[in-house]
Amino acid sequence: MIPNHLASHLKVKSCFAAPGLKQISSLIYNRMNEHRKFLKRCRELASEAGRSGNTPVGAVIVRDGVIIGEGIEATRPDNDITRHAEIEAIRDALKRLNTDKLRGCSLYTTHEPCILCSYAIRHYQISWVGFEHAVPTVGGVNSSYALLTAKDIPIWAPPPGIITVKMLSDT
Ligand SMILES: [Zn+2]
């Protein structure tokens, strides 16, 4: 029989039992499939933008595995610089959810969100951001103006997690 003091130790340990390797692999696989699915939709939206004479950028906002906002780059027709795909997707999601924050949501986009879009993403407190192509000149992660990942702006909530290119690769 196991002595009492060891039995309680074992009980505590079993509460924190790690998932098996198979379980972890399947979780990662499912998550990667989700990333790919949403990136694929971004690419379709980007193509639509390209066909209408805009820079080919597309974005979606996802909550609980469901797309709740879509954006197609549309700056050209009205010469409106705020109509970047990411901001269009944010506008769509805010309207559909009738909310003023997007905590717990993920934003996927074909291109690294620029400084303008990064500001909007931080303001609306989007939790995760995934993008396919880095934009080293004005991107919110890879440029000198890393607004998307900045941690030194006191009025802002913590930065979103970045879904890396590696997680989106092989799509
Ligand atoms: Zn932008």
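Leu97 lies in helix H3 (helices are DSSP runs of H or I of at least four residues, strands are runs of E of at least two, and both are numbered from the N terminus). With 15 C-beta neighbours inside 10 Å, Leu97 counts as partly exposed. The cut-offs are as follows: a residue is buried if 20 or more other C-beta atoms lie within 10 Å of its own, exposed if 12 or fewer, and partly exposed in between, with C-beta atoms placed from the backbone. The C-alpha atoms of Leu97 and Gly69 are separated by 9.2 Å. Along the chain these two residues are 28 residues apart.

The model is predicted; local features need pLDDT of at least 70, side-chain atom pairs count only at pLDDT 80 or more, and totals for chains, interfaces and linings use all residues. Residues are numbered from 1 along each chain as its sequence is written.

The protein chain holds 5 helices and 5 strands. Their order along the sequence is α-α-β-β-α-β-α-β-β-α. Of the 171 residues in the protein chain, 31% are buried. Contacts were taken as residue pairs whose C-beta atoms, placed from the backbone, lie within 7 Å. Among contacts between residues at least 6 apart in sequence, 50% join residues at least 24 apart.

Strand S1 covers residues 58-63 and strand S2 covers residues 66-72. The two pair in the antiparallel sense over 6 bridges (pairing requires that DSSP finds at least two bridges between the strands). Gly58 has Ile72 of S2 as its bridge partner. Val60 is bridged to Glu70 of S2. S1 and S2 form a hairpin, with 2 residues between them. In the turn, Asp64 has a positive phi of about 50°.

S1 also pairs with S3, in the antiparallel sense, over 4 bridges. Here Val60 stands opposite Tyr108 in S3. In S1, 5 of the 6 residues are buried, so this strand is largely enclosed by the rest of the structure.

Helix H4 spans residues 115-123, and its buried residues are Cys117, Ser118, Ile121 and Arg122. These cover an arc of only 140° around the axis, which puts them on the same side of H4. The arc is that of the directions from the helix axis to the C-beta atoms. An α-helix has 3.6 residues a turn, so residues three or four places apart point the same way. The buried residues of H4 pack against helix H3 (85-97), strand S3 (106-111) and strand S4 (128-133). Gln125 follows H4 and has a positive phi, near 60°.

H3 and H4 pack at an angle of about 25°, with their axes 9 Å apart. Axes are lines fitted to C-alpha atoms, for helices over the stretch in contact, and angles run from 0 to 180 degrees between N-to-C directions. The angle makes H3 roughly parallel to H4 (under 35 degrees counts as roughly parallel, over 145 as roughly antiparallel, 65 to 115 as roughly perpendicular and the rest as oblique). The contact is made by Glu86, Ile87 and Ile90 of H3 and by Cys117, Ala120 and Ile121 of H4.

Technical notes
Two residues are in contact if their C-beta atoms, placed from the backbone, lie within 7 Å.
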